[in-house]
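Dear colleague,

I am passing on the structure we spoke about, and my notes follow it. Please read them with the model open beside you.

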Amino acid sequence: MSNAIEIEAKALITQDEYRKIVKVFPECRRYSQTNYYIDNDERILAKEGIALRIREKNGKYVLTLKTPLSQGLLEKNESIDEEAFKAFLEKGEFPNVDEVRFLTMLDIDVSSLKILTSLTTDRVDVNYKDGLLSIDRNFYSGKTDYEIEFEYNSMDAAERILADLLREHDIPFHINKTPKVRRALKALEE
């Protein structure tokens, strides 16, 4: 299991703005990934500001638990195998991972957790100004949206660098505080 602190500035952009900014970085790494978002029917994790997902990328599965910090998110990641993913998806058997202890300490019954929805991202990753820029096209519940994220070591600097990049390409910067998990879960209710 690995732990990390995730600090990233995000902005939703239009399809045309997405096309414009992707053209700026033609040689960068491109890939697809699918996030399977987990909660129970009462959305107990969402109410606590916690996000839980399994990400499938290149045939590998990683369970990630994100909890809020004063700046950014504490992210706990643990690889699981395809068997464990399928057992959870098809039979509701929550994977046997270290995060179970953390969830249990929060008085969350892991047997009530299930995959509620998924979101697939076509991503372009760019090493940019000592941080990581991700340019995303997201598909979920029949919707498509476009987002740009800049991960850095402080939120103020991340927002400034992202705003400068977008302004440089005549794209308005409107900070996005609604994470993918919340957008995907909200789309279920629409």
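Predicted model: local features only at pLDDT ≥ 70, side-chain atom pairs only at ≥ 80, totals over all residues.

Residues are numbered from 1 along each chain as its sequence is written, and side-chain values use heavy atoms, with hydrogens and water left out.

Overall fold

The protein has six helices and nine strands; helices (H or I, at least four residues) and strands (E, at least two) are DSSP runs numbered from the N terminus. Its C-alpha trace spans about 50 × 35 × 30 Å along the principal axes. The radius of gyration is 17 Å, which agrees with the value near 16 Å that a compact globule of 190 residues would have; this radius is taken over C-alpha atoms, and the globule rule is 2.2 Å times the number of residues to the power 0.38. Buried residues make up 47% of the 190 residues, where buried means under 20% relative accessible area, exposed over 50%, and partly exposed in between, with a 1.4 Å probe and protein chains only. Among contacts (heavy atoms within 4.5 Å) between residues at least 6 apart in sequence, 57% join residues at least 24 apart.

The nonpolar cores

In soluble globular proteins, nonpolar side chains tend to be buried together. A nonpolar core is here a set of buried Ala, Val, Leu, Ile, Met, Phe, Trp, Tyr and Cys residues joined through side-chain atoms within 4.5 Å. The largest nonpolar core has 23 residues, and those with the most contacts inside it are Ile21, Phe25, Tyr128, Leu133, Ile135, Ile148 and Leu162. At least two residues of this core come from each of strand 2 (8-13), helix 1 (15-24), strand 7 (114-128), strand 8 (131-140), strand 9 (143-151) and helix 5 (155-168), and the largest share, six residues, is that of helix 5. There is also a second, separate core of 17 residues, which includes Ile38, Leu52, Leu63 and Leu103.

Leu162 lies in helix 5 and counts as buried, at 0% relative accessibility; leaving aside neighbours within four places in sequence, Leu162 is in contact with Ala9, Lys10, Ala11, Leu133, Ile148, Phe150 and Phe173. Leu162 and Ile148 are 14 residues apart in sequence, and their C-alpha atoms are 8.4 Å apart.

The largest pocket

The largest pocket has a volume of about 1200 Å³. On a 1 Å grid over the protein atoms alone, a pocket is an open set of points with protein on both sides within 12 Å along at least five of seven lines, and lining residues have an atom within 4 Å of a point. Of the 48 residues that line the largest pocket, Glu6, Glu8, Lys10, Lys66 and Leu73 are the closest to its centre. The lining divides into 21 nonpolar, nine polar and 18 charged residues, and strand 3 (residues 29-39) gives the most to it, with seven residues.

Lys66 lies in strand 5 (residues 60-68) and is buried, with a relative accessible area of 12%. Not counting residues up to four places away in sequence, Lys66 touches Glu6, Gly49, Ile50, Ala51, Arg53, Leu73, Leu74 and Glu75. Thr67, also in strand 5, is buried with a relative accessible area of 11%, and touches Ile50, Leu73, Leu74 and Phe102 when residues up to four places away are not counted.

Two positive phi values

Most residues other than glycine have a negative phi. Lys129, however, has a positive phi near 50°; Lys129 is placed in the loop between strand 7 and strand 8 and is exposed, with a relative accessible area of 52%. Asp170 has a positive phi near 55°, lies in the loop between helix 5 and helix 6 (180-189), and counts as exposed at 66% relative accessibility.

With best wishes

How values were computed. 1 Å grid on protein atoms, 1.4 Å probe; cavity = no way out; pocket = protein on both sides within 12 Å on 5 of 7 lines; lining within 4 Å. Points joined across faces, edges and corners; volume = space filled by probe spheres on them. Nonpolar A, V, L, I, M, F, W, Y, C, P; charged D, E, K, R; others polar.
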